[in-house]
Amino acid sequence: TGCLAHAEVMSEVATGNILMIRGFFGHNDGCKKAFMKRIPPLPLHPSVFSVALKQLGMGAQLTDIQAANRAMFEQQQYEQQPHDLSVSPYCWLIQKTDTRSLYRQFNRLRGLRTVVAPHINVHEWLDRSSPSYNKEIASAVFHYAARAEKEDRFEVCLATREMHDAAWKYCHSSQLILDGTFGVCDRKMLLFIAMGVDEQGHGVPVAFFLFSAPSGNKKTDAGYNTEILQKLLLRWKTALDSADSRFKPGPEVSFTPKVAITDTDLKERNALVRIFPEIWLLICKFHLRQSWRNHRARVLKGTSSLHSEIRSRLHKLEDHLIESLDHAEGMAAIERERAVMTSEVEPQDAALAAGALEHLTYLTGYWMSESLWQSWSAYGRRVAAERLGFEVSMVLTTTNHLESFNGVLKRKHL
């Protein structure tokens with residue numbers, strides 16, 4: 001209604017004495033005649049925020065904070081929490097809508113200026129001449145490039161001292177997992193993660209490569225190429241070579257993983273080979289199967305029994321190829337299947353046979369190039385085992401360690 005009525009009251013915390021009252025105390029006619037359309041939302045009590053902020057300061061996750069909040073509310077452990085909630089002008093249970101305010105308060109307590117653009121904050125944390133310089137963060141950043149021009153990328157690569165130690169301990173002369181994840185924030189940022197596997201078989205992140213998509217890029221997950229990954233991997237290798245790690249075999253030793261596993265993205269593979277020329281590359285079996293299944297679904301659309309039979313035949317062929325130890329034998333298996341589809345399918349099922357033949361051509365034309373076949377076949381895993389001095393069963397077949405970590409990172413930590 002454009003009503004100006006308000007009151008501002010200033011009091012002394014220690015004594016409660018009123019120091020000043022000022023405002024505009026007269027309501028306009030529209031305000032006097034107005035009816036309430038909805039009940040105003042109840043704010044969260046300050047004591048709930050106070051406990052939650054302490055938990056955040058100790059590194060608690062939001063799910064833990066919410067669980068503690070429910071327990072304290074049920075046991076009436078909060079300061080000033082009344083027995084009869086109907087007389088309370090506050091809410092006592094943390095809602096989804098409260099998390100924004102919670103994190104804003106937490107950031108202010110840590111000196112993070114949320115009103116400033118994120119890239120400015122990052123730059124000032126890493127600028128030694130800035131009053132906001134953060135030694136702890138700066139020590140974990142082994143590469144930083146500001147986006148000064150439109151064509152530049154924003155690049156920040158992180159690895160703490162403990163992560164450097166883990167890289168030397170679990171990845172040098174051993175296995176490395178590399179994969180990208182997207183949607184980590186509301187900007188067009190890409191995050192690639194390098195990971196090793198410890199003695200218990202648990203994934204250990206050893207480096208984070210965060211960078212922006214190029215200007216004008218509409219699809220963030222397409223905003224990278226071999227060159228940017230090569231550049232950042234080289235910065236990581238240089239940082240590791242110069243690191244003073246107790247797990248480094250000697251001062252002149254250069255960090256070199258023997259085996260790396262990625263998804264089906266050739267850009268990651270090409271970057272790894274350029275930085276580590278002797279590395280043996282494997283392809284994640286899950287992503288491989290996913291690519292084959294997606295192609296099969298596109299070329300074989302139908303629900304008849306014959307469709308099911310042909311899909312089953314192709315699936316068995318794919319199983320055979322994954323377990324193959326000889327490239328020529330694998331190619332021969334595909335040709336045998338091609339002969340069946342050409343000669344034994346009835347004329348009325350020619351379209352179905354054509355779809356199956358298209359899938360076989362897809363396999364031979366791309367996946368069965370010998371260098372790529374070595375990356376996903378049993379032959380490739382056997383070579384990896386020989387290089388590592390492991391049993392074949394100890395060679396990674398998927399990037400699941402990293403996929404699982406990505407989910408926890410985005411759904412819980414971030």
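**Salt bridges and helix pairs**

Modeller: Across the whole structure, a search finds 15 salt bridges (a Lys or Arg side-chain nitrogen within 4 Å of an Asp or Glu carboxyl oxygen). The model is predicted, so local features need pLDDT of at least 70, side-chain atom pairs count only at pLDDT 80 or more, and totals for chains, interfaces and linings use all residues. Residues are numbered from 1 along each chain as its sequence is written, and side-chain values use heavy atoms, leaving out hydrogens and water.

One of the bridges joins aspartate 241 to lysine 237, with the closest N and O atoms 3.1 Å apart. Both residues sit in helix α8 (residues 226-242), four apart, so about one helical turn separates them. Helices here are DSSP runs (H or I, at least four residues), numbered from the N terminus.

Now the packing. Two packed helices are described by the angle and the distance between their axes. Take helix α10 (residues 285-299) and helix α11 (residues 305-322): their axes come within 12 Å and cross at roughly 150° (lines fitted to C-alpha atoms over the stretch in contact; N-to-C angles from 0 to 180 degrees). That makes α10 roughly antiparallel to α11 (over 145 degrees).

Next, helix α12 (residues 327-343) and helix α13 (residues 350-367). Their axes come within 10 Å and cross at roughly 165°. α12 and α13 are therefore also roughly antiparallel to each other. Here α12 passes α13 in a left-handed crossing.

How values were computed. Helices (H or I, at least four residues) and strands (E, at least two) are DSSP runs, numbered from the N terminus. Angles under 35 degrees count as roughly parallel, over 145 as roughly antiparallel, 65 to 115 as roughly perpendicular and the rest as oblique. A crossing is left-handed if the near helix is turned anticlockwise from the far one by less than a right angle, and right-handed if clockwise.
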